[in-house]
Amino acid sequence: MVKMKACPDCDLLLEVGHLREGERALCPRCDAVLVRGGRSIDAMFALTVSGLILWLASLILPVLVIDFNGTQQALSLWQTAFAMLDQDEWLLALLVAMTTIVAPLIYLGAMLWLLLPLRFGRVPVLVGWVFRLFYANQGWVMLEVFFLSLLVTAVKLTDMAQLLPDWSLLAFIAFMLVMSAMRLLFDADVYWRAVHQCR
Ligand SMILES: [Zn+2]
């Protein structure tokens, strides 16, 4: 399969053929990387599972300590969204919930749905629909916003809240790295080729 691709650095228009895993196509004029060959389905699957574990860890482990009239209480990220609701911060609560819970759940869930059956040689049910959902949701997976909402939460609840530089934060940073790797490595062409091989 040959497709046209403009060099991201110098705009030279080039034909790029099919790349195997780990291969790269370079621009002959300026050496910029045009396309990378996608990772195999197995590698994407391993990343998805790691992503799910790290996401759960960064949601469940306490991330903030809040002082409620003298009693200290540790809150996890998803409890933070509810704490914001109690403060009548609807917009913030929605932002925290959307970026920390809903969007990553759809992203990782759709990934799992798309990849797991392929490992058993089956085409996923509703593959086209789930793929479109995955792409539509991608814009919502904004890890910067995820992190920002965490900071804003800490500042908003500032008199009574403290950020815990703890395992939850480590899990969260690892989660960000895994998600970035997934976004970088997922190649729709490689995916659809694998689907057609199963048909
Ligand atoms: Zn170039």
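Which residues are buried in helix H2 (residues 77-86)? In this predicted model, Leu77, Thr80, Ala81, Ala83 and Met84 of H2 are buried. Viewed down the helix axis, these buried residues fall within an arc of 160 degrees, so they line one face of H2. An α-helix has 3.6 residues a turn, so residues three or four places apart point the same way. Phe82 and Asp86 lie on the other side of H2 and are exposed. Just past the end of H2, Asp88 adopts a positive phi of about 60 degrees.

Seven helices and seven strands make up the secondary structure of the protein. Their order along the sequence is β-β-β-β-α-β-β-α-α-α-α-β-α-α. The protein has 199 residues, of which 23% count as buried. Contacts were also sorted by sequence separation. Among those between residues at least 6 apart in sequence, 55% join residues at least 24 apart.

Helix H1 (residues 41-60) contains Ala57. The C-beta count around this residue is 17 other atoms within 10 Å. Burial requires 20 or more, and exposure 12 or fewer. Ala57 is therefore classed as partly exposed.

Terms used: Residues are numbered from 1 along each chain as its sequence is written. This is a predicted model: local features need pLDDT of at least 70, side-chain atom pairs count only at pLDDT 80 or more; totals for chains, interfaces and linings use all residues. Helices (H or I, at least four residues) and strands (E, at least two) are DSSP runs, numbered from the N terminus. Two residues are in contact if their C-beta atoms, placed from the backbone, lie within 7 Å. The arc is that of the directions from the helix axis to the C-beta atoms.
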